[in-house]
Amino acid sequence: ALHFRKAPDQEQSLRDQIESLLDDERESSQIRPELLGGKMLFEIKSAGFNKGTALDQFMAHAPFASRKPVVIGDDTTDEYAFERAASHGGLCFSVGRLMPGVAAVFESPDHVRRSLAHVLSVAMSEML
């Protein structure tokens, strides 16, 4: 992933340069890389593979196969995982904004951390 948060004016130039490099790679090998835009970043990944297909692969194996996934995300690339998690009976949450397919929205990454710490604290106290 290439982040350009501190240089937002470089977005189009970076996109053009990356696309040119990827075009060269596509011509010289059998690898089919894709360029994804995200929240002030570009990601390069293999075609046909995304966070949803990764989640499906995890869910096919122990110890995940019998469980319900929980996905927390803040980027368009997380929407693939939201969709697949829902198909496995899981829960999805977005951060900072309402995204398609989520049950609720965390206001910030700090809110996610505090909430997870609280859940862990409650679980640990029930174990004792």
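Student: Which residues does Asp75 touch?

Tutor: Start with the term: contact means heavy atoms within 4.5 Å. Leaving out residues up to four places away in sequence, Asp75 touches Gly38, Lys39, Leu41, Arg97 and Met99. Keep in mind that this is a predicted model: local features need pLDDT of at least 70, side-chain atom pairs count only at pLDDT 80 or more, and totals for chains, interfaces and linings use all residues. Numbering starts from 1 along each chain as its sequence is written, and side-chain values use heavy atoms, with hydrogens and water left out.

Student: Where does Asp75 lie, and how far is Asp75 from Met99 in sequence and in space?

Tutor: First, how elements are named. Helices (H or I, at least four residues) and strands (E, at least two) are DSSP runs, numbered from the N terminus. Asp75 sits in the loop between β4 and α3. Asp75 and Met99 are 24 residues apart in sequence, and their C-alpha atoms are 8.7 Å apart in space.

Student: Is Asp75 buried or exposed?

Tutor: Use the cut-offs. Buried means under 20% relative accessible area, exposed means over 50%, and partly exposed is in between (1.4 Å probe, protein chains only). Asp75 counts as buried because its relative accessibility is 5%. Thr76 lies in the loop between β4 and α3 as well. At 38%, Thr76 counts as partly exposed.

Student: Which residues does Thr76 touch?

Tutor: Gly37, Gly38, Arg97 and Met99, not counting residues up to four places away in sequence. Take Gly38: 38 residues separate Thr76 and Gly38 along the chain, yet their C-alpha atoms are 6.2 Å apart.

Student: Now the strands. In what order do β4, β5 and β6 form their sheet?

Tutor: The rule first: two strands pair if DSSP finds at least two bridges between them. Here the three strands form an open sheet in the order β4-β5-β6, with parallel pairing. β4 (70-73) and β6 (104-106) are the edge strands, and each pairs on one side only.

Student: How many bridges join β4 to β5?

Tutor: Four, and the two strands run parallel. Val70 has Leu91 as its bridge partner in β5, and Val71 has Cys92. β5 (residues 91-95) pairs with β6 over three bridges. There, Ser94 is partnered with Val105, and Val95 stands opposite Phe106.

Student: Through which helix does the chain cross from β4 to β5?

Tutor: Learn the handedness test. Let the strands point away from you: if the path from the first strand over the helix to the second runs clockwise, the crossover is right-handed. The chain goes from β4 through α3 (residues 79-87) to β5, and this β-α-β crossover is right-handed.

Student: How are two packed helices described?

Tutor: By the angle between their axes and the distance between the axes. Axes are lines fitted to C-alpha atoms, for helices over the stretch in contact, and angles run from 0 to 180 degrees between N-to-C directions. The axes of α2 (residues 51-59) and α3 come within 6 Å and cross at roughly 35 degrees. In the contact, Lys51, Gly52, Leu55 and Asp56 of α2 meet Tyr80, Ala81, Arg84 and Ala85 of α3.

Student: Which residues make up the largest nonpolar core?

Tutor: A nonpolar core is a set of buried Ala, Val, Leu, Ile, Met, Phe, Trp, Tyr and Cys residues joined through side-chain atoms within 4.5 Å. The largest has nine: Leu55, Met59, Val71, Ala81, Phe82, Ala85, Cys92, Met99 and Val102. α3 gives the most, with three. Another core lies apart, of six residues, including Phe4, Ile18, Leu35 and Phe42.

Student: In what order do β1, β2 and β3 form their sheet?

Tutor: They form an open sheet in the order β1-β3-β2, and the pairing is antiparallel. β1 (2-3) and β2 (33-37) stand at the edges with a single partner strand each, so one side of each has no neighbour in the sheet. β1 pairs with β3 (residues 41-46) over two bridges. Leu2 stands opposite Phe42 in β3. Helix α1 (residues 11-28) packs on this sheet, touching β1, β2 and β3, and its direction makes about 165 degrees with that of β2.
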